[in-house]
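Welcome! Have a look at the structure, then read on.

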Amino acid sequence: MKLLRHDQSYCIRLQHDMYFLTSNSRLNEQVVDKIILQLNRVYPQILTNAEAEKFRNPKASLHTRLSDLIKHLQKKGERHCQEFYRALQINAEQLYNDLPSRKILSPVFFLACFSVAVGFALFWYCGDSDTKVLGRARRILGFSPIIIGRHVRKICMLYLEDLSTN
């Protein structure tokens, strides 16, 4: 799975999300119709009446209609794809939250990884049996605003206590 960035265009994100949206009947007829109607009525510059009728045609399969709609919006440009995401969020919020393009790594993730790395470096440094170093490490770890969970900090403190008793 390819990780997407926040700054990638909506058209690229929609291209990556297309398989997810069209597979396993994730969207039903009613939701797709609501999205098309919203793009047509609320944003008539996004879908004209003729285009909306084409994509609401019950003779075509839902998969085909949805695939054609997504391809059509991608050809029209960035704003059209952005409005599709807005309509999807309004009409199918849970599905919108489950999109692969929404599963990106945030800066908090990298900060947490950095904090864990600092913690491991601190343990390595404290592996020495010098009690002065252990006391300082316990003080730093106990009062620092390291962005790691409370449970991880408790485990670190217990480890340092075990080292100081040995």
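**How the helices meet**

The axes of α1 and α5 cross at roughly 45° and come within 9 Å of each other. Please keep in mind that this is a predicted model.

**α1 with α5**

- An angle between 35 and 65 degrees counts as oblique, and α1 and α5 are therefore oblique to each other.
- The crossing in which α1 passes α5 is left-handed.
- On the α1 side you will find Y10, C11, R13, L14, D17 and L21, which meet E78, C81, Q82, F84, Y85 and L88 of α5.
- By residue type, this contact of α1 with α5 has 8 nonpolar, 3 charged and 1 polar.

**α4 with α5**

- Here the axes are 5 Å apart, and the helices pack at an angle of about 140°.
- α4 and α5 are therefore oblique to each other as well.
- From α4 come L69, I70, L73, Q74 and K76, while α5 brings H80, C81 and F84 to the contact.
- The contact of α4 with α5 divides into 5 nonpolar residues, 2 polar and 1 charged.

**The nonpolar core**

- The largest nonpolar core has 30 residues, and L21, L27, L39, L69, F84 and L88 touch the most other members.
- Two or more residues of this core come from each of α1 (10-22), α2 (29-42), α3 (49-55), α4 (62-76), α5 (78-91) and α6 (93-97).
- Which residues does F84 contact, leaving aside its neighbours within four places in sequence? They are L14, L21, I35, L39, L69, I70 and L73.

Key: Residues numbered from 1 in each chain as written. Predicted model: local features only at pLDDT ≥ 70, side-chain atom pairs only at ≥ 80, totals over all residues. Heavy atoms only, no water. Core = buried A, V, L, I, M, F, W, Y, C linked by side-chain atoms within 4.5 Å. Buried < 20%, exposed > 50% of the residue type's maximum accessible area, 1.4 Å probe, protein only. Helix = DSSP H or I, 4+ residues; strand = E, 2+ residues; numbered from the N terminus. Contact = heavy atoms within 4.5 Å. Axes fitted to C-alpha atoms, helices over the stretch in contact; angles between N-to-C directions. Parallel < 35°, antiparallel > 145°, perpendicular 65-115°, else oblique. Left-handed = near helix turned anticlockwise from the far one by under 90°. Nonpolar A, V, L, I, M, F, W, Y, C, P; charged D, E, K, R; others polar.
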